[in-house]
Amino acid sequence: MARGEILPVREPSERVTLSNWAELTPELLKILHSRVAGRLIIHAEELAQMWKVLNLPKDLFNSVMNVGRFTEEIEWLKFLALACSCLGVTIAKTLKIVCEVLSCDHDSGPARIPFSTFQFLYTYIAEMDGEISASHVSRMLNYIEQEVIGPDGLIKVNDFTQNPRVRLE
């Protein structure tokens, strides 16, 4: 525009149609997590209804269900991890989002979760990814547990995103 050029205009057939669906966000996943209310197992019908109430795309729900091979009873943390992977692209980014969703410390510093929860999630996500060896996962978890985790037993997002010795991928 500064050089007097006319900006290209999309033809009507090229325009993106807006849907009535909400976009999946960490905030919506946090709401969903709060509605699951600490349960480890949730029934598929109930979770589908919660998903629908948040106006999230049904095809995305079905995709997570298929990838996780979930049936009637769903392990909530596994479903949440796969839903976060839709946003995260990489394993580290996925785990960062999961930590932010699960963290109870809303205003008191970086997101953090129990190391045992992180261990479960990382192992599951890496297994579902299929490209990271079990021995690599084991080495990373051992290093984090021995060298990074403090006496509180919690892992912070920075512990695995900013530490050059931690390579989750």
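A polar contact, as I use the term, is a pair of N or O atoms within 3.5 Å; within protein, one must be able to donate a hydrogen and the other to accept it, and residues adjacent in sequence count only if both atoms are side-chain atoms.

**Ground rules.** I am working on a predicted model, where local features need pLDDT of at least 70, side-chain atom pairs count only at pLDDT 80 or more, and totals for chains, interfaces and linings use all residues. I number residues from 1 along each chain as its sequence is written, and side-chain values use heavy atoms, with hydrogens and water left out.

**Entry: Ser103.** I started with the polar contact: a polar atom of the Ser103 side chain is 3.3 Å from the backbone nitrogen of Arg112. Ser103 belongs to the loop that runs between helix H5 (91-102) and strand E3 (112-114). My helices (H or I, at least four residues) and strands (E, at least two) are DSSP runs, numbered from the N terminus. Is Ser103 buried or exposed? I find it buried, at 5% relative accessible area. My scale calls a residue buried under 20% relative accessible area, exposed over 50%, and partly exposed in between (1.4 Å probe, protein chains only). Leaving out residues up to four places away in sequence, Ser103 touches Lys30, Ala111, Arg112 and Ile113; contact means heavy atoms within 4.5 Å.

**Entry: helix H2.** Which residues of H2 (residues 44-53) are buried? I get Ala44, Leu47, Met50 and Trp51. They sit on the same side of H2, because they cover an arc of only 125° around the axis. I take that arc from the directions from the helix axis to the C-beta atoms. Just after H2, I noted a positive phi of about 65° at Asn55.

**Entry: cysteines.** I searched the whole structure for disulfides (pairs of cysteine sulfur atoms within 2.5 Å) and found zero. Cys84 is in no disulfide, the nearest cysteine sulfur being that of Cys86, 8.7 Å away. Cys84 is buried at 0% relative accessibility, while Cys86 is partly exposed at 39%.

**Entry: salt bridges.** How many salt bridges are in the whole structure? My search gives four, taking a salt bridge as a side-chain nitrogen of Lys or Arg within 4 Å of a carboxyl oxygen of Asp or Glu. I wrote up some of them.

- Arg39 and Glu46 pair through their side chains at 3.0 Å, N to O; Arg39 is partly exposed at 31% relative accessibility, and Glu46 is partly exposed at 32%.
- Lys96 and Glu100 have their closest N and O atoms 2.6 Å apart. Both lie in helix H5, four residues apart, about one turn of the helix. Glu100 is partly exposed at 30%, and Lys96 is partly exposed at 32%.
- Lys156 and Asp159 meet at 3.8 Å, N to O. Here Lys156 is partly exposed at 31%, whereas Asp159 is buried at 12%.
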